[in-house]
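Here is a protein chain to explore by question and answer.

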Amino acid sequence: SLKYVLDNSKPGDYLFIMFGHNDAKTSDYYGATLEEYKMLLEQMVRAARSKGVETVILTSLARPRWKASDGTASNSHGQYPATAIAAAEATGAAIIDIDEISRAEITRLGEQGTLEAGYYVTGDVDFEEVSKKCSYITPVPGGVGPMTIVSLLTNTLRAYKKEVYKD
């Protein structure tokens, strides 16, 4: 939970906040509305800041879905990425638009290229097994999506370094 993370954080630590794919589901809906989503992000930022923890909001990773007319990756999260950006702007939190970055990469690779690169859902995490190997895990009803936070942050940091240092 956020309380547990913040209770074990110290000033100067970073909190990366990202909601998963299932938060934007349109069928069998159990995610937050856009208003609730923005409110939750803002509450998390305020709670982290009260402890001296730096915050970074990340939009969700795009799914490899295609617009048949032009072959570009389609928007698989509706208004949720824009709402995350609005929450970052409202609170002054840093924002990394993973949705935009990943949609551009998915479009660049193309449908066949994304399959070859492994951009597809392969199943959910085995909670019992993984919980023995990690410090923190939050089970998500219905599954955790195609990518672990470790992979996301590794790729995000690589992209950040490339942009900052122009490697």
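**The core, its helices and its strands**

Of the 16 residues in the largest nonpolar core, those touching the most other members are I17, Y37, L41 and I57. Such a core is a set of buried Ala, Val, Leu, Ile, Met, Phe, Trp, Tyr and Cys residues joined through side-chain atoms within 4.5 Å. Buried means under 20% relative accessible area, exposed over 50%, and partly exposed in between (1.4 Å probe, protein chains only).

This is a predicted model: local features need pLDDT of at least 70, side-chain atom pairs count only at pLDDT 80 or more, and totals for chains, interfaces and linings use all residues. Residues are numbered from 1 along each chain as its sequence is written, and side-chain values use heavy atoms, with hydrogens and water left out.

Q: Which elements give two or more residues to this core?
A: Helices (H or I, at least four residues) and strands (E, at least two) are DSSP runs, numbered from the N terminus. The elements that give two or more residues to the core are β1 (14-17), α2 (34-50) and α3 (80-91).

Q: What pattern does the protein chain follow along the sequence?
A: The protein chain has 6 helices and 3 strands. Read along the sequence, their pattern is α-β-α-β-α-β-α-α-α.

Q: Which residue of β2 is the bridge partner of I17?
A: Two strands pair if DSSP finds at least two bridges between them. β1 and β2 (54-58) pair in the parallel sense over 4 bridges. In β2, the partner of I17 is I57.

Q: Which residue in β3 does I57 stand opposite?
A: β2 also pairs with strand β3 (residues 94-96), in the parallel sense over 3 bridges. Within β3, the residue opposite I57 is I95.

Q: How many of the 5 residues of β2 are buried?
A: β2 is largely enclosed by the rest of the structure.

Q: Which residues is I57 in contact with, leaving aside neighbours within four places in sequence?
A: Contact means heavy atoms within 4.5 Å. With those neighbours left aside, the contacts of I57 are I17, L41, V45, A84, A87, A88, A93, A94, I95 and I96.

Q: Are the rings of Y37 and Y80 stacked or edge-to-face?
A: Rings of Phe, Tyr and Trp (its six-membered ring) pair if their centres lie within 6.5 Å; planes under 30 degrees apart count as stacked, over 60 as edge-to-face and the rest as tilted. The whole structure holds 2 aromatic pairs. In the pair of Y37 and Y80, the ring centres are 5.1 Å apart and the planes are at 65 degrees, so the pair is edge-to-face.

Q: How many residues apart in sequence are the parts tied together by Y37 and Y80?
A: Y37 counts as buried at 2% relative accessibility. Y80 counts as buried at 13%. Y37 lies in helix α2 and Y80 in helix α3, so the parts that the pair ties together are apart in sequence by 43 residues.

Q: How far apart are the end C-alpha atoms of α2?
A: The expected span of a helix is 1.5 Å times one less than its number of residues. For the 17 residues of α2, the span should be 24 Å. The end C-alpha atoms agree with this, at 24 Å.

Q: What arc do the buried residues of α2 cover?
A: The buried residues of α2 are Y37, L41, E42, V45 and A48. The arc is that of the directions from the helix axis to the C-beta atoms. These residues are on the same side of α2, because their arc is only 130 degrees.

Q: Which exposed residues does α2 carry on the face turned away from its buried side?
A: The buried residues of α2 pack against α1 (2-7), β1, β2 and α3. The face turned away from them carries the exposed residues E35 and S50.

Q: Within what arc do the buried residues of α3 fall?
A: In α3, the buried residues are Y80, P81, T83, A84, A87, A88 and T91. They line one face of the helix, because seen down its axis they fall within an arc of 165 degrees.

Q: Which residues does D99 touch, not counting those up to four places away in sequence?
A: D99 has its place in helix α4. D99 is buried, with a relative accessible area of 2%. With those near in sequence not counted, D99 touches T59, S60, A62, H77 and P81.
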